[in-house]
Amino acid sequence: RVNLEEVGHFALIIASPSWRKARERGVQAWLRLRDTGPVRGIPLRIVGAPLTPQESELIHAHGAVGAVQVVSGVTDEQLIEQYQKCAFLIMMSRAEGLGWPVVEAGANGRVSACSDIPVLRETGGEASVYIPEHFQVDWEELAFQLINPSRRSAAVTNSERFNSHDFARTIQKVWASAL
C-alpha cells in the first residue's frame, strides 16, 4: 500500500451523468478500486453535475457516502488543480469525441482508467489502463498501474501528441474534404 499523500489525494471523474459519459460506470469502477491494494480507501471527487439518484443509491449501498465529493462550476485554473491533486482519472464513457480529460490528466502526469473503446485507446495510448465492458480485469494490477511512476511519465509524453493548433488544423482539413 502506498501513501496517497505522495500519489494524489483522490480518484477523479470529470463527466456529466449522461448515458454517453457513463458516469455511473465510473463510480462503479471507483468502488472496485477503493477496495483494492495500493489505493484502498481512496476517496472520489466528481467534477460535474450533482449525483443522480442512481449514483447516490449505488454509493449509499456500498457505504461510501462520506467518501464522495461533487464540485461544480470550476474555473480552468481550478480544473487544473483537480488534475494536479488527484491520484488518477476514471473515464468510463460509452462514446467520446476525443476524450480531452484523458489528455489533460496525462499533461498533469496522471494515468487514466478508461473504458475499452477505440477512441479512448487512441487518445490514451499505452499510458492509460483499460477496463473492459464487463469489468473483467485484475483490479490489483490495474490499481498499481494507475500510480506507477513510469506510466505517469508515459502519460505526460502521450499528452504531448495533442495540441490545439494541430487539432484545429485537422478539423479544418476534415471540413474542407467534406465540402
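**Labels and their cut-offs**

Modeller: Happy to. Phenylalanine 135 sits in the loop between β6 (129–131) and α7. Its phi is near 60 degrees, a positive value in a residue other than glycine. Residues are numbered from 1 along each chain as its sequence is written, and side-chain values use heavy atoms, with hydrogens and water left out. This is a predicted model, where local features need pLDDT of at least 70 and side-chain atom pairs count only at pLDDT 80 or more, while totals for chains, interfaces and linings use all residues.

Colleague: Why is phenylalanine 135 called buried?

Modeller: Buried means under 20% relative accessible area, exposed over 50%, and partly exposed in between (1.4 Å probe, protein chains only). Phenylalanine 135 has 8% relative accessibility, so it counts as buried. Alanine 22, in the loop between β1 (10–14) and α2, also has a positive phi, about 50 degrees, although it is not a glycine. At 4% relative accessibility, alanine 22 counts as buried.

Colleague: What makes tryptophan 100 partly exposed?

Modeller: Its relative accessibility is 32%, so tryptophan 100 counts as partly exposed.

Colleague: And why is the pair of tryptophan 100 and phenylalanine 162 called edge-to-face?

Modeller: Rings of Phe, Tyr and Trp (its six-membered ring) pair if their centres lie within 6.5 Å; planes under 30 degrees apart count as stacked, over 60 as edge-to-face and the rest as tilted. Here the ring centres are 6.3 Å apart and the planes are at 70 degrees, so the pair is edge-to-face. The pair links distant parts of the chain, 62 residues apart: tryptophan 100 is in helix α5 and phenylalanine 162 in the loop between α8 and α9 (164–178). The structure holds two aromatic pairs.

Colleague: How do you know that arginine 45 is buried?

Modeller: The relative accessible area of arginine 45 is 18%, so the label is buried. This residue lies in strand β2 (residues 44–47). Leaving aside residues up to four places away in sequence, arginine 45 touches Phe10, Ala11, Leu12, Ile13, Gln69, Val71 and Gln82, where contact means heavy atoms within 4.5 Å.

Colleague: What makes helix α2 largely enclosed by the rest of the structure?

Modeller: Helix α2 (residues 23–33) has eleven residues and eight of them are buried, so it is largely enclosed by the rest of the structure. Among the buried ones are Arg23, Trp30 and Leu31.

Colleague: Which angle and axis distance describe the packing of α2 and helix α7?

Modeller: α2 and helix α7 (residues 139–146) pack at an angle of about 100 degrees, with their axes 10 Å apart. That makes α2 roughly perpendicular to α7, because angles under 35 degrees count as roughly parallel, over 145 as roughly antiparallel, 65 to 115 as roughly perpendicular and the rest as oblique. Ala29, Arg32 and Leu33 of α2 and Trp139, Leu142, Ala143 and Leu146 of α7 make the contact.

Colleague: Then why is α5 called oblique to α8?

Modeller: Helix α5 (residues 100–107) and helix α8 (residues 149–159) pack at about 120 degrees, with their axes 7 Å apart. That makes α5 oblique to α8. In this packing, Val103, Gly106 and Ala107 of α5 meet Ala155, Val156 and Ser159 of α8.

How values were computed: Axes are lines fitted to C-alpha atoms, for helices over the stretch in contact, and angles run from 0 to 180 degrees between N-to-C directions. Helices (H or I, at least four residues) and strands (E, at least two) are DSSP runs, numbered from the N terminus.
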